[in-house]
Amino acid sequence: GVATEHERFFKVWGVSAADVHVVGDRGTILHFDGLSWTKAVSPTSERLVTVVGRGAEDVYAVGGLSSAVLVHYDGHAWSAIESTDLFEGLMGVWTAPNSPVIVTGFRGLIAVGENKTFRIAELVTDLCLHATWGDGKGVYLAGGGNLFSSTGKRDGVILAAGTVAAGPVKEWAAPER
C-alpha cells in the first residue's frame, strides 16, 4: 500500500473499480488501478477536498484554504489550472460528459467554466458551499453552510439553478459558459 501516515483524505471518485482517485491534505492524490494504490505527482501542496471527472482522461480536483486551487488530470498527469476568475478557496466541483465544470467554495462562491475561464454567479449567500451537483440537463444544486460558529448557530443552505421540485432551496442563476 501507499504510506498514508498522518494524511487525511476527503473525497473519492472513479470511473470503475480499476480507476479510482482519492484526494486529501497537502495536495495528496492517490490512484487505485484495481490492484494497488499509487501516489500521484500533485501540482499543489494545498489541501484538495473534492474530486470528480467526465471520464478517465478528464478529472478535476479542487481545494485551497486561502485561495482557489483547481487541478486537472488528462489521463497521464495532474496539472494546475490557473484562473484569475477564481479567488476563494474551493470546496466542491462537479462535471459530467457534455457539461460545464461547476465549482463552489468559501463565502457563497459558485462559478461555471472550462479550462481557465470561469464565470462567477451572482452571490446568493455568504455561507460556504461545500458541494455541487448537476443532472447533465441544466439543473444544478449546491449545498453548504456554517460549520463553525462562535455562537453555536449552525446555518445551512441548499441552492438550485434550473427547474427543481419544491423544497428548501434558494434559486441562483447559473451564468452562461
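Which residue forms a salt bridge with arginine 54, and how far apart are the closest N and O atoms? The partner is aspartate 58, and the closest N and O atoms of the two residues are 2.9 Å apart, where a salt bridge is taken to be a side-chain nitrogen of Lys or Arg within 4 Å of a carboxyl oxygen of Asp or Glu. The structure is a predicted model, in which local features need pLDDT of at least 70 and side-chain atom pairs count only at pLDDT 80 or more, whereas totals for chains, interfaces and linings use all residues. Residues are numbered from 1 along each chain as its sequence is written, and side-chain values use heavy atoms, with hydrogens and water left out.

Aspartate 58 is found in strand S6, strands (E, at least two residues) and helices (H or I, at least four) being DSSP runs numbered from the N terminus. With a relative accessible area of 18%, aspartate 58 counts as buried, since buried means under 20% relative accessible area, exposed over 50% and partly exposed in between, for a 1.4 Å probe and protein chains only. The side chain of aspartate 58 also makes a polar contact of 2.7 Å with the side chain of histidine 72, and a further polar contact, of 3.4 Å, joins the side chains of aspartate 58 and tyrosine 60. A polar contact is here a pair of N or O atoms within 3.5 Å; within protein, one must be able to donate a hydrogen and the other to accept it, and residues adjacent in sequence count only if both atoms are side-chain atoms. When residues up to four places away in sequence are not counted, aspartate 58 touches Gly53, His72 and Tyr73, contact meaning heavy atoms within 4.5 Å.

A search of the whole structure finds five salt bridges. Side chains of opposite charge can pair when their charged atoms come close. Aspartate 25 forms another salt bridge with arginine 47, and here the closest N and O atoms are 2.9 Å apart. Because aspartate 25 lies in the loop between S2 and S3 and arginine 47 in the loop between strand S4 (37–39) and S5, the pair ties together parts that are 22 residues apart in sequence. Of the residues involved, aspartate 25 is buried at 7% relative accessibility, whereas arginine 47 is partly exposed at 24% and arginine 8 is partly exposed with a relative accessible area of 48%. Through salt bridges that share partners, Arg8, Asp25 and Arg47 are joined into one network.

A nonpolar core is a set of buried Ala, Val, Leu, Ile, Met, Phe, Trp, Tyr and Cys residues joined through side-chain atoms within 4.5 Å. The largest such core has 24 residues, of which Leu70, Trp78 and Val103 touch the most other members. The elements giving two or more residues to this core are strands S5 (48–55), S6 (58–63), S7 (69–73), S9 (90–94) and S10 (101–105). A second, separate core of 13 residues includes Trp94, Ile110, Val157 and Ala161.

The structure holds three aromatic pairs, in which rings of Phe, Tyr and Trp (its six-membered ring) have centres within 6.5 Å, with planes under 30 degrees apart counted as stacked, over 60 as edge-to-face and the rest as tilted. One of them, formed by tyrosine 73 and tryptophan 78, is tilted, at 5.2 Å centre to centre and 35 degrees between the planes. Another, formed by tryptophan 94 and tyrosine 140, is edge-to-face, at 6.0 Å and 65 degrees. Since tryptophan 94 lies in strand S9 and tyrosine 140 in strand S14 (residues 140–145), this pair ties together parts that are 46 residues apart in sequence.
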